[in-house]
Amino acid sequence: MQNNPHTTLVTAQAPIAAETHGGRAKCLQRLVRLDLPVPRTVALSFEAVKRIAKGELPDTTAIVSQFPKGTLLCVRPSSEDPDWGGPGAVLNIGMNDKRLATLSDRLGQDAAYAVNTRFVQSYAVDVARLDPDMFDDVDGEGREGLTESLRAYEGEMEEPFPEDPAEQLAAVLKSMARAWDGTSARLLRQAKGAPVDAGLGLVVQEMALGLGHGESGSGVLQLVSSDTGLPQITGRYLSQSQGRDALEGDAAALYLSRDPRGPSLEELAPEAFDALKTHAALMRVKLREEMQVEFAIENGALFILDGVRVARSSQAAVRIAVQLAEDKIISRAEALMRVQPRTLSELLHRQVDPGAERNVIGYGIAASPGAATGQIVFTATEAQASAARGEPCILVRRETSPEDIRGMHAAHAVLTERGGITSHAAVIGRGIGLPCVVGASNMRFIGSKKQLVTKDGKVFNAGEVITVDGTSGEVLAGAPKMREAALDESFQKLMEWSSDFCDIGIRANADTPADAQTARNFNAQGIGLCRTEHMFFEPGRLTVMREMIFAETSQDRRAVLERLLPMQQADFIQLFDIMKGQPVCIRLFDPPLHEFLPNDRAGQRELADALDLPLSDVTRRIDAMSEYNPMLGLRGVRLGVTVPEIYEMQARAIFEATIEVNAKGAAVVPEIMIPLVSAKREVELVKSSIDAVAAAVRTEKEAQFDYRLGVMVETPRAALRTAEIAPNCAFLSFGTNDLTQMAYGLSRDDAGRFMSDYVQQGVFPEDPFHVLDTDGVGELLKLGAERGRGAHEGITLSICGEHGGNPESIAFCRDAGFDYVSCSPFRVPVARLAAAQLAIGGNIS
């Protein structure tokens, strides 16, 4: 058998690899090499199991002969990746009348009959695929229980229970091989990332029963907590010594303090307990991983049955990887590669505890990770009032708009009926770290009655408590147990190491001082997108902004904007101070002006009173400004060309703020970005205007400063014509949200209604607003980058859409030669880790 490449006795030198025999077989070989007390084991390769599934059985008699005569065997799955799962283990193979007699002499009849009965029932259910209910009427124990179980089996199968160990083993191997090939098993492992043709190995191992007159039992032990990753001896142990009641408990409690249920493993088998700790520590060093040790004790003798990677939460995954690197067991590069970037999101936000009961009442698109519980409110004003009272609330809206910003900041989470992954609520939620579920179209939002109605008709009124899980996209009734965010020292070290490897810049999209501070805390390398329009929705500014909109002449608009100038200047001073000389890219005013005007009658009356105008004049002006498709209407650079006073005011505020901060000793070089460009002439007009403002400010203030002017490339035409646009720019920043929207002809706010159907039916592989379309939109990015850099060799290239935080997008940008990506502040750690892993290249041995 040693020469058979498909059925191999596990020895230190045997030709066994995870790629051919599976991870469990390879791990057992490593344990053998460490001279650990591993029971004798035979490994069956992927090829052998494939043949078994087709009916080509190996010589099971030869396999059985590899073990001492009369030995009971177990068969366990050995997939290449343990996370892919496999069929359940089958124990006590070889149990028959002869072995029953031997065990009865050794262990006593009760224990021997119990082992035999368990084997018969598990064989019937797991191997013969009989209904478990057939054993419901088996009431007896000992001989009676075994007799009744055999009678039930033979009555169903119409044949005697097999006595030959080789025959039993053949049936077990065939059953497990065919189970792996089953449709449900295949779909389940593919959902876990397994390839379609993933193979299964099997290991046949001598049983260590964990039964005997001396201390006997079985269990698992590990050296760290699966929840926190901190050093802690945890596990469980089931003592099955003859004449002793079964003990079961947490090894940490048993080891550190006496358990009221009985003596601890340390007290029951001190030598075995010490050996277990020594073996686990050795496995940690030699296998370069925190391992859970599966063991059995027979009459005080210890056997190591298996070693598996310790299950771990996101917090534990980071701490374990960092500690292994700190202990020089693995390199820092390998520690970085062992943490999945997206798992960091779970550390940055509160989450519903994995063990909590989830009373799901609705679901939508998981738009911003994290979870929060609060009372339902239906308006931004109510959210602010709740915050003032210190009451957590969930802001429920049909869809949010810029005027809801203050309410979103006051709320603990946001739930909307409409919208997609790049809708207003989603973008702002991710930016401020606010849990958000959008597009919950299976629920009805009745604003007039202040009710939320579930699909099955259950009504939740304003003030009732719900939980929004922005990680899963679920809406829950009540307040489930939460797990807090965990930004500990290990997280900080991982981020420091990420910076050492990153070869592409990571900036943050930040609109407020709070956003900027979050970006600094996560070591973002500057601000890649500051959306200035959000600054105008502050209560003290909104009325002034509306007054500017109603001004009839350019002179009148300038007069009103003079009142906004110091407010904007103060905003920019705060941002520059927080970023301490790091680049700050400020996007000039972008949205259509009608977004600043009230839609409801009450709001229009208030505006008429504030402006001292007849209500009819206000409603007439609002109607005149309405557009059929405002996202493609008078916004962005088109406003800058037709209403230049707004951009002139913003440019002056930026330059005056720059002078003031530079006077403190900082070296601020602001970046001014023109949005929604589609033609060279637009850039020339705005550039001329801004350059004139800069010259005027230099003269007035008698101060010098530098600035960089660039374009936000978010229309397909701009991407195609960057060769014409680039010579007038210092940088090109691709806004992938709008670029995707225009390339596809899809509304990013409405696509969520049908996107899941499109993905399920294979129209799109993924939601293009969630994962960058590297084929279609990616081609526009590549063309824009190549043509822009061809016309202006030193131009800076970046993306600042929401795709900037996705590992896939970062990989694309690195390959395309982009200088940096920019994403929401809370996605900066994810982006930094992803960029580091890409730079490392995955070449970890």
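Helices (H or I, at least four residues) and strands (E, at least two) are DSSP runs, numbered from the N terminus. The views below show a predicted model, in which local features need pLDDT of at least 70 and side-chain atom pairs count only at pLDDT 80 or more, while totals for chains, interfaces and linings use all residues. Residues are numbered from 1 along each chain as its sequence is written, and side-chain values use heavy atoms, leaving out hydrogens and water.

**Figure 1. The chain as a whole contains 34 helices and 30 strands.** Its C-alpha atoms fill a box of roughly 105 × 60 × 55 Å, taken along the principal axes. Of the 845 residues, 55% are buried (under 20% relative accessible area; exposed is over 50% and partly exposed lies in between, with a 1.4 Å probe and protein chains only).

**Figure 2. Thr532 occupies the loop between strand E24 and helix H21 (539-550).** With a relative accessibility of 0%, Thr532 counts as buried. The side chain of Thr532 makes a polar contact with the backbone oxygen of Arg587 at 2.9 Å (such a contact is a pair of N or O atoms within 3.5 Å; within protein, one must be able to donate a hydrogen and the other to accept it, and residues adjacent in sequence count only if both atoms are side-chain atoms). Leaving out residues up to four places away in sequence, Thr532 touches Gln568, Phe572, Ile586, Arg587, Leu588, Phe589 and Gln650.

**Figure 3. Helix H20 (residues 513-521) has four named buried residues: Asp515, Ala516, Thr518 and Ala519.** Because they cover an arc of only 160° around the axis, these residues are on the same side of H20; the arc is that of the directions from the helix axis to the C-beta atoms. The cover over them includes helix H18 (424-432), strand E23 (505-509), strand E24 (527-531) and helix H22 (554-579). Just after H20, Asn523 has a positive phi of about 60°.

**Figure 4. Helix H30 (residues 736-744) carries a run of buried residues, Thr736, Asn737, Asp738, Leu739, Thr740 and Gln741.** Several elements pack against them: helices H18, H28 (716-720) and H32 (776-791), together with strands E27 (708-713), E28 (731-734) and E29 (796-799). Just after H30 comes Gly745, whose phi is positive, at about 70°.

**Figure 5. The largest nonpolar core has 125 residues, and Leu344, Phe655 and Leu732 have the most contacts inside it.** A nonpolar core is a set of buried Ala, Val, Leu, Ile, Met, Phe, Trp, Tyr and Cys residues joined through side-chain atoms within 4.5 Å. Not counting residues up to four places away in sequence, Leu344 touches Val318, Val339, Phe491, Leu494, Met495, Pro829, Val830 and Leu833. Apart from this core lies another, of 49 residues, which includes Leu9, Leu146, Met176 and Val204.

**Figure 6. Val339 lies in the loop between helix H14 (332-337) and helix H15 (344-348).** Val339 counts as buried because its relative accessibility is 1%. Its contacts, leaving aside neighbours within four places in sequence, are with Ala317, Val318, Ala321, Leu344, Leu494, Leu833 and Gln837. Ser314 is 25 residues from Val339 in sequence, and their C-alpha atoms are 8.4 Å apart.

**Figure 7. Ser824 is placed in the loop between strand E30 (820-823) and helix H34 (828-840).** This serine, Ser824, is buried, its relative accessible area being 0%. Ser824 touches Val427, Arg430, Gly431, Asn509 and Glu802, when residues up to four places away in sequence are not counted.

Figure 8. Most residues other than glycine have a negative phi. Asp35 belongs to the loop between helix H2 (23-33) and strand E2 (41-44), and at 69% relative accessibility Asp35 counts as exposed. Lys328 is found in the loop between helix H13 (314-326) and H14; with a relative accessible area of 73%, Lys328 is exposed.

Methods
Contact = heavy atoms within 4.5 Å.
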